[in-house]
Amino acid sequence: MMEVEARRIRRFRNQRHTNTLLPLHLSSFSHHNTISCWYCDYKIFSFNKPLFDFGQRHAKFLKVWFSIGVGFAVSVLLGVTLFLLWELARALHLCGGSNKLGNLTSAFLFRFSPLLPGLSLSLSDAGYICISTVISVFVHEVGHAVAATSEGIQIEYIAIFMAVLFPGALVAFNYELLQSLPHFTALRMYSAGIWHNAVCCAACGLALFLLPLLLFPFYSSSHGPMVLNVPRTSPLSGFLVPGDVILSVDNVPIRNAQEWLEINTLTYDIKLNNVNNSQHTGDLWLANKGYCVPSVMMEESKITESLENQDACPSGLAAFVKVSCSVNITLDDGQSQTDNLNRKRNMYCLNAKDVVKLNKCGDHWGPVATNGSGCTCSQDEFCLAPVQEPGLVWVEITYSSPSPECSLQERIRSSVSETSGIKETNCGGTFIFVGDVISMAHSIQLTSYRPRLGLKFVAYLPNLLERILMWTFHVSLALAVLNGLPVYFLDGEYILEASLSHFTWLSPRKRKKVLKLCLLGGSLISVIGFFQELL
């Protein structure tokens, strides 16, 4: 709720105060802040003269600028109106087909957070939302104010308000003077907030795209994300510490924090797809990732147990089974069909720390396997795959620790095979994680930028800037779309009203009826859609 609240207030004020000229503070009532049981505000007058001088100084350019914004704002209004009509038709079962587009747009309108579903909002994210909301609302209101001053209209005040539990801001104008303006001039002013929010989104997107270049003199990037924080509640606590650099996941090189999330999500999706495909073969819990284990090591650890018995191995050891290298993993252990139906297998209890040092086999290890072949083991080795419980994923995470020697090794690393060398060194190593990889990936704080000077406190600045830009992009975009809705008390109401004024073949009475019908329908459908997203 922006400037529209002020105009509503001015409608009632003008009934009580006859002075309608533009000198500031004509009404002594405007000097006081409003406080009630459901609404309070704080009025600011110090920006009136600077904004008016700026608008008058660049009036010619600003009128062209905000005329472009009219086209954008009207397009947003038409787009969200068509979406609301689509939602109404779908609710009334007037149209069928896929609902993916409707769900996507609805989620964007009413749940614009960049968080993944099922992940809770952290305290730091709440802080970023507050900062980005202040920036987005400020940009929105400045758009209205500058558009008005470019037309020679002084603003009465800028106010920050709290209506019930919802914060906001507004710019107050003289309503009677606005009514006397040409329709297109008023439309420029009404559209300015949405237009400025769209420009803010474009600026944030461009800044995010150019951020590596802008920070290049002070930070290095694309060499693996650096760990900023590992909470005690994280499943990676005890494995990673602040300053560690993640090199690869399952032999796939990780270049930045976004790839860390994407690769772990892809790994989970592959596991889920394998589970769905393997329900017909009986091998529900086998991973398509194996290790070439020497036969001597296998003989010392062999047991025969049911595949469902996840506690067959002693504590500290992991269960493995012999597999052949194919898309659908099959038995390669000389076992009878009866044993397969009874889900009896020769299992091998091995230490995961020893196994990860061996060569790999299988087809889900990323682009390159350590032995040069993604499938075949040597003559005295067999391919063993870990047995996993449903819903859990086995992943290898390779990292390096902060030290001058490790930094030198990382800079000269030139091939993928070097990143997958599973060797414990003073510079880091590899560990196995078995569990929910989605929650694991989001449980630590990473940054794609490493300071060149080695100062720890400056390592947080790029991540802070990146999060603010990302949240400002989402909040500003959502603010633009929501203000484009044809509902009461938002900019969409006044954009629609000014747009209908150009339909001169409609009488004023019919235009009011069309406006009222559109606003009632838009408000009702929007409220229903909002509550559907909450349920």
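These are my notebook entries on a predicted model of one protein chain.

**Entry 1: ground rules**

I number residues from 1 along each chain as its sequence is written. The model is predicted, with local features needing pLDDT of at least 70 and side-chain atom pairs pLDDT 80 or more, while totals for chains, interfaces and linings use all residues; side-chain values use heavy atoms, with hydrogens and water left out.

**Entry 2: the whole chain**

I looked up the helices and strands, which are DSSP runs numbered from the N terminus (helices: H or I, at least four residues; strands: E, at least two). The chain has 17 helices and 17 strands.

I then looked up burial. Buried means under 20% relative accessible area, exposed over 50%, and partly exposed in between, with a 1.4 Å probe and protein chains only. Of the 535 residues in the chain, 46% are buried.

For contacts I used heavy atoms within 4.5 Å. Taking contacts between residues at least 6 apart in sequence, I found that 78% join residues at least 24 apart.

The accessible area comes from the Shrake-Rupley method with a 1.4 Å probe, and for residues only the protein chains shown count as cover. The chain exposes about 27,800 Å², and carbon and sulfur atoms supply 64% of that.

**Entry 3: disulfides**

A disulfide is a covalent bond between the sulfur atoms of two cysteines. The search takes a pair of cysteine sulfur atoms within 2.5 Å. How many disulfides does the structure hold? It holds two.

One joins Cys 292 to Cys 377, with 2.0 Å from S to S. The link of Cys 292 and Cys 377 is left-handed, with -80 degrees about the S-S bond. Cys 292 is in strand β8 (residues 289-294) and Cys 377 is in the loop between β12 (360-362) and β13 (381-386), so the pair ties together parts that are 85 residues apart in sequence. Cys 292 is buried at a relative accessible area of 1%, and Cys 377 is buried at 16%.

Another disulfide is formed by Cys 361 and Cys 383, with their sulfur atoms 1.9 Å apart. The link of Cys 361 and Cys 383 is right-handed, with 95 degrees about the S-S bond. This pair links distant parts of the chain, since Cys 361 is in strand β12 and Cys 383 in strand β13, 22 residues apart. Both Cys 361 and Cys 383 are buried.

I also checked Cys 201, which is in no disulfide; the nearest cysteine sulfur belongs to Cys 200, 6.0 Å away. Cys 201 is buried, at 5% relative accessible area. Cys 204 counts as buried at 6% relative accessibility.

**Entry 4: helix α5**

Gly 152 follows α5 and has a positive phi, near 85 degrees.

Thr 149 is in helix α5 and is buried, at 0% relative accessibility. Leaving aside neighbours within four places in sequence, Thr 149 is in contact with Leu 51, Phe 52, Gly 55 and Gln 56.

**Entry 5: salt bridges**

Side chains of opposite charge can pair when their charged atoms come close. Here a salt bridge needs a side-chain nitrogen of Lys or Arg within 4 Å of a carboxyl oxygen of Asp or Glu. I found six in the whole structure.

One of them pairs Asp 125 with Arg 467, the closest N and O atoms being 2.4 Å apart. Asp 125 is in helix α5 and Arg 467 in helix α15 (residues 460-483), 342 residues apart. Is Asp 125 buried or exposed? Asp 125 is buried, at 6%, whereas Arg 467 is partly exposed, at 21%.

Another joins Glu 151 and Arg 188, at 2.7 Å from N to O. Glu 151 is in the loop between α5 and β2 (157-163), and Arg 188 is in helix α7 (residues 183-214). Both Glu 151 and Arg 188 are buried.
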